[in-house]
Every structure is written in C-alpha cells, then in structure tokens.
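Could you walk me through the features of this structure, one at a time? I would like to learn how to read each of them.

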Amino acid sequence: MRAALAQARRAEAEGEVPIGAVLVVDGRIVAEGFNRPIGSCDPTAHAEIVVLRQAAAAVGNYRLTGAELYVTVEPCLMCVGALVHARVRRVIFGAREPKTGALVSAVEALSIPTLNHRFAVTEGVLEPECRELLQAFFRARRGV
C-alpha cells in the first residue's frame, strides 16, 4: 500500500485526485499508476484502469488471475467492473469512498448474482494515511 500511496502523491503533484494503485503478481509489482483523467482527457483513466492496462501488457494477457490490486481508495463501479473482467484475485484498499465506492460503501457490486467472477476484498490498509491524503487535497482545492 505504501507504493500505492507514493503513486497517489504523484497524482496530487500533477493536479489529479490523489488516488494511486499497484498490481502485484507472485509478490512482485508488475504495474503502478495513478489517477490521470484530467491530464489524459480520458474519463476512464482511474488509477485502477491505468494499472490494469499496464499489467495486461506486461504479462501479455488481459486475464490477471492471481493478481492483487492495492489501491488507496475504494474503487468505483467502473473500476470494479474492469477488475471483474480482468479476473483479479484480490483487491486491497485503504479508505472507503462513501459517494462512489462500489465494494462496500455506495454499492456492493460483488453481490450482483449474475457476475461470473468475484474477488476477495480487504479494506482499511493504511486507511488513515489514504483518507488524509484525499481529504487534504479537497480541503486545499476548496480553500478551507
């Protein structure tokens, strides 16, 4: 998660919402990235999607079975859908996202009965640091 936090700080430095992610296969980071929708003019360029694209290219397969995703904030519905399609084994996230989180907060997407894949979820890893980074970013943006 510390590597994901480092990526989130890179996002913040570029004026993006500070969310970072890394994807691990066999104990090794194979992809790392951060939110990039503003800089890339791409609404799908969330940290999770950036990492899935990198990882698929690195391993030569869009199926990332056995992979674990570490992300600083709970994924949204779009990202959960991509993680299901990629067949990741586990998602570990830091802070809940009460407005758009799609694992435990706003939506419990993995409870959709027709999904053809589900993954394990671990939440709260380095949660205080992940939450504070995000909250400080928005406080600064609002001038509070």
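A: Let us begin with a pair of strands: E1 (residues 20-25) and E2 (residues 28-34) run antiparallel and are joined by six bridges. Strands (E, at least two residues) and helices (H or I, at least four) are DSSP runs numbered from the N terminus, and two strands pair if DSSP finds at least two bridges between them. This is a predicted model, in which local features need pLDDT of at least 70 and side-chain atom pairs count only at pLDDT 80 or more, while totals for chains, interfaces and linings use all residues. Residues are numbered from 1 along each chain as its sequence is written, and side-chain values use heavy atoms, leaving out hydrogens and water.

Q: Which residue of E2 stands opposite Gly20?

A: Phe34 does. In the hairpin of E1 and E2, two residues lie between the strands, and Asp26 takes a positive phi near 50°.

Q: How many bridges join E4 to E5?

A: Four bridges join strand E4 (residues 90-95) to E5, and the two run parallel. Val91 has Val121 in E5 as its bridge partner.

Q: How do I read two packed helices?

A: Two packed helices are described by the angle between their axes and the distance between the axes. Here the axes of helix H1 (residues 2-13) and H5 come within 11 Å and cross at roughly 5°. Axes are lines fitted to C-alpha atoms, for helices over the stretch in contact, with angles from 0 to 180 degrees between N-to-C directions. H1 and H5 are therefore roughly parallel to each other, a label for angles under 35 degrees. Their contact (heavy atoms within 4.5 Å) includes Leu5 and Ala8 of H1 and Leu133 and Phe137 of H5.

Q: Which residues does Ile38 touch, not counting residues up to four places away in sequence?

A: Ile38, which is in helix H2, touches Gly15, Glu16 and Arg141 on that count. The C-alpha atoms of Ile38 and Glu14, 24 residues apart along the chain, are separated by 9.2 Å.

Terms used: Angles under 35 degrees count as roughly parallel, over 145 as roughly antiparallel, 65 to 115 as roughly perpendicular and the rest as oblique.
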